[in-house]
Every structure is written in C-alpha cells, then in structure tokens.
Amino acid sequence: MNQEKKLEKLNQKLKKIYYRKRKELLFHGWHHINFVRKKSRIFAQSINANVFIVESAAFVHDLNYLVKANSLPEDGKELRQEILSKCGYSEEEITKIESIIKEEHTATRDENISPEAKALSDADTLFKALPFTPILFSRNFFLTSTSLA
C-alpha cells in the first residue's frame with residue numbers, strides 16, 4: 001500500500017474514533033489532531049523532514065488520551081501499534097513513528113531532537129500557545145465540569 005493510501009486510511013479510522021469520543025476529549029480531540037497534522041506537515045516540508053512519517057505521527061501522537069486521561073505517550077503505544085498496523089504500516093514505520101512521539105514529548109525533549117520530532121513538537125506546541133485555544137474550549141470545560149453537558 002502506498003503512503004497516501006495509508007494516510008487516508010488512518011485519517012478515516014481516527015476521525016471515526018475521535019468523533020465517538022468527542023465529549024470526553026475536550027482538548028485532545030479531532031480539532032487538535034487535525035490542526036497538529038496540518039501544521040506538522042508544513043513544518044516538516046520546510047525543514048526537509050520525512051513528511052509521511054511526521055504526518056502519521058501527528059495523527060496518532062495523542063492516542064494515549066483515549067486509553068487513559070492525563071496519561072503519558074507510552075500509555076498509547078499498544079493502541080497506536082494496533083491502529084497503524086491495521087492501516088497497512090510496516091513494523092519499521094511504526095517503530096519510527098513511536099520513536100518520534102517519544103522524542104517530541106515536552107517532558108523529555110531537548111534541543112537535539114530529530115527534524116521529524118521537531119516538526120511534530122512545534123505543531124503541537126503551537127496549538128497550545130494560540131491565544132484562542134482557552135476560549136475555544138471554555139464552554140465545553142464548563143459544561144463537563146458542571147455536569148450540564
């Protein structure tokens with residue numbers, strides 16, 4: 001299967017999963033994943049990183065939040081591997097994606113990260129730094145925290 005077909009299959013599968021979990025994932029939902037995917041692709045192109053691997057990693061970088069709230073990236077490793085495998089990714093591609101996700105995590109990254117991890121990390125951080133992000137999610141947070149949803 002070619003790279004574009006893998007990405008499209010991954011996109012469709014994750015869009016369905018995130019749609020079903022939309023009320024539980026106030027911050028790390030599809031809106032976040034799709035934003036990070038689009039921006040990381042642009043960043044990867046600008047620094048000659050592997051765009052396919054970066055975009056794939058962006059799609060699955062926060063699957064740990066589907067496994068357990070407030071969890072670490074490694075908590076989503078099995079789910080990532082299962083989904084990527086079902087979408088036609090090779091073991092080598094899955095290993096590289098997992099490595100990038102681990103490398104870009106804000107708690108462990110440093111200035112010596114790969115171009116792929118840098119593209120993903122910058123896109124992920126950009127979403128968190130945008131001035132509209134807290135406003136965008138405040139209604140959902142209020143409704144959920146007060147049981148009015």
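## What counts as touching

Two residues are in contact when heavy atoms of theirs lie within 4.5 Å. Keep that in mind as you explore this structure, which is a predicted model.

Leaving aside residues up to four places away in sequence, Phe-59 touches Leu-7, Leu-10, Asn-11, Leu-14, Trp-30, Ile-33 and Arg-37.

## The overall build

Which kinds of secondary structure does the protein have? There are eight helices and zero strands.

Now look at how the chain meets itself. Among contacts with a separation of 6 or more, 62% join residues 24 or more positions apart.

The protein has 149 residues, and 44% of them count as buried. Its accessible surface comes to about 8,600 Å², with 53% of that belonging to carbon and sulfur atoms.

## The nonpolar cores

Phe-59 turns up again here. The largest nonpolar core holds 30 residues, and Phe-59 is among those with the most contacts inside it, along with Leu-10, Leu-14, Val-60, Tyr-89 and Ile-97. Two or more residues of this core come from each of helix 1 (3-20), helix 2 (30-46), helix 3 (51-60), helix 5 (77-86), helix 6 (91-104) and helix 7 (115-129). Which helix gives the most to this core? Helix 3 does, with six residues.

Apart from this core lies another one, made of five residues, including Ala-44, Ala-49, Val-51 and Ala-119.

Methods: Residues are numbered from 1 along each chain as its sequence is written. This is a predicted model: local features need pLDDT of at least 70, side-chain atom pairs count only at pLDDT 80 or more; totals for chains, interfaces and linings use all residues. Side-chain values use heavy atoms; hydrogens and water are left out. Helices (H or I, at least four residues) and strands (E, at least two) are DSSP runs, numbered from the N terminus. Buried means under 20% relative accessible area, exposed over 50%, partly exposed in between (1.4 Å probe, protein chains only). Accessible areas come from the Shrake-Rupley method with a 1.4 Å probe; for residues, only the protein chains shown count as cover. A nonpolar core is a set of buried Ala, Val, Leu, Ile, Met, Phe, Trp, Tyr and Cys residues joined through side-chain atoms within 4.5 Å.
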